[in-house]
Amino acid sequence: MTQRPAKLAPTGFAAPDRASATEFWVVRHGESTWNADGRYQGQADVPLSHIGILQAASLAERLTGQTFDAVYTSDLQRASRTAEIVAERLDGAPAPQTHPGLREIDVGELSGLVITEIRARYPAYLQALSTEPWSTRRPGGESMEDLYARSGAAFGALRARHPGGRVLVFTHGGVVRVAVGLALGGVPANAWARLSVSNTSITRVLLGEGSGMLLGFNDDAHLENLLEATEADDVLGQAP
């Protein structure tokens, strides 16, 4: 029997096969205490702020009764606590499973600093970052290229584990950008820096074997009646 070729869109693009691809709902954690203070966090294990807890509760209310094949979270508490608050309201109350590959970018020596301190102490790094933003490593830490490889491998493993499924992921701003890049087939130069990711926003991607599709990005409609969610994170930096 001859296998039918994939149905192509007018552009020639073949969408992922829903029967084998995985739909990820990728959520950035609620506001942390260091988000509120404007401090770089990276992989420092910083708790949610009071506002972050309210943001997570608002997301939980929005997703009440939704069904997912699995729930995964970064092992950092600002993500895992967000996951706990939401997961108990899902159909079946699935227990979130931790995955270290979903951690935020490692900012190394920048952890705990605000942008004015970074400008004073690391001018050479900032100059390199302006020239090569994708491959420049944070001092003692990772580059966006490193994060893309690490977190991309994590999404690949989860996709292989849940073919045809729908998976909820709680993670960080940098990893949300990785998911978008995977969905779009790569990250155009500097485009990742133009992606604004709010606390507890939902980004939906469909990932198949060597293919992907962006279904929705930075949806934070559940926060309309709360204080505005911060969009600053360890990838884009903070306002001076």
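**Figure 1. Arg 159 is found in helix 6 (residues 144-161).** This is a predicted model, where local features need pLDDT of at least 70, side-chain atom pairs count only at pLDDT 80 or more, and totals for chains, interfaces and linings use all residues. Residues are numbered from 1 along each chain as its sequence is written, and side-chain values use heavy atoms, leaving out hydrogens and water. Helices (H or I, at least four residues) and strands (E, at least two) are DSSP runs, numbered from the N terminus. Arg 159 has 17% relative accessibility, so it counts as buried. Buried means under 20% relative accessible area; exposed means over 50%, and partly exposed lies in between (1.4 Å probe, protein chains only). Leaving aside neighbours within four places in sequence, Arg 159 is in contact with Thr 22, Phe 24, Leu 207, Gly 208 and Glu 209. Contact means heavy atoms within 4.5 Å.

**Figure 2. Helix 3 (residues 77-87) is largely enclosed by the rest of the structure, because eight of its 11 residues are buried.** Look for Arg 78, Ala 79, Ser 80, Thr 82, Ala 83, Ile 85, Val 86 and Ala 87: these are the buried residues of helix 3. Their cover includes helix 2 (50-63), strand 2 (70-73) and strand 4 (166-171).

**Figure 3. Helix 2 has 14 residues, and its end C-alpha atoms are 20 Å apart.** At 1.5 Å a residue, helix 2 should span 20 Å, which agrees. The expected span of a helix is 1.5 Å times one less than its number of residues. The buried residues of helix 2 are Gly 52, Gln 55, Ala 56, Ser 58, Leu 59, Ala 60 and Leu 63. What covers them includes strand 1 (22-28), helix 3, strand 4 and strand 5 (202-208). Just after helix 2 comes Gly 65, with a positive phi of about 85 degrees.

**Figure 4. The chain has seven helices and six strands.** Along the sequence, the pattern is β-α-α-β-α-β-α-α-α-β-α-β-β. Of the 240 residues of the chain, 49% count as buried. Take the contacts between residues at least 6 apart in sequence: 76% of them join residues at least 24 apart. The C-alpha trace spans about 65 × 40 × 30 Å along its principal axes.
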